[in-house]
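Hi everyone, thanks for coming.

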Amino acid sequence: MTTRLARGLKRLLDICASSAGLLCFSPIFLITAILIKIEDGGPVFFCQKRVGAGGKLFGMWKFRSMIMNADQVKDQLLAQNQHGQAGVTFKMKDDPRITKVGKWLRKLSVDEFPQFYNVLRGDMSLVGPRPPLPREVATYKASHLRRLRIRPGITCLWQIGGRAEIDFEGQVRLDLQYIRSSSAAYDILILLKTIPAVLLGKGAY
């Protein structure tokens, strides 16, 4: 009963906050869309298949912050992966695929704002492990799969503690720590800590 109530409170927080976010940030959505279009004329949004709770696939929405053939170019950059050539995740400072507008979108996490729609739909939560790519999950060890037990989130413990500077094993460790301690109050605390983390832009690239 207690677990069911906690889940209900978390979902209620997700619905209320994501609805408010979509409404309050609508002017930023408009400005961002115009800037992306002005830069290269390409699509404003980017929908990518991600793995959610229980291994369910869903389309995660973002503002496009990279060139239109970013996935094809990525294969040429694997040797420069900040998380190691054999790393599960790919992170690279000064990634040449990122557009001029995209650099600022990422630094301020504006590229993630469309995920309020994913939260409203129930694909994601405000707080939870970041949703991995299917090809990343294909390389997971059994211990890594435990981070797929709950809905993925827009922000998480490693997002407020270093973001891309934390390697994959560190990310998993923090995700599992969150899952063990998850509560509506804990979510609110992480959301509050996300604000200065975004403004400072530490580890954002």
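The largest cavity holds about 30 Å³ of space. On a 1 Å grid over the protein atoms alone, a cavity is a set of points where a 1.4 Å probe fits but cannot get out, and a pocket is an open set with protein on both sides within 12 Å along at least five of seven lines; lining residues have an atom within 4 Å of a point. Points are joined across faces, edges and corners, and a volume is the space filled by probe spheres set on them.

Before going on: this is a predicted model, where local features need pLDDT of at least 70 and side-chain atom pairs pLDDT 80 or more, while totals for chains, interfaces and linings use all residues. Residues are numbered from 1 along each chain as its sequence is written, and side-chain values use heavy atoms, without hydrogens and water.

Which residues line the largest cavity? Among them are Val 51, Gly 52, Pro 129, Arg 130 and Arg 147. The lining divides into eight nonpolar, one polar and two charged residues. Here Ala, Val, Leu, Ile, Met, Phe, Trp, Tyr, Cys and Pro count as nonpolar, Asp, Glu, Lys and Arg as charged, and the others, Gly among them, as polar.

Now the second largest pocket, with about 640 Å³ of space. Of its 22 lining residues, Phe 113, Phe 116, Thr 194, Ile 195 and Val 198 lie nearest the centre. Helix 8 gives the largest share of that lining, eight residues; helices (H or I, at least four residues) are DSSP runs, numbered from the N terminus. This lining has 16 nonpolar, four polar and two charged residues.

Technical notes
Helix = DSSP H or I, 4+ residues; strand = E, 2+ residues; numbered from the N terminus.
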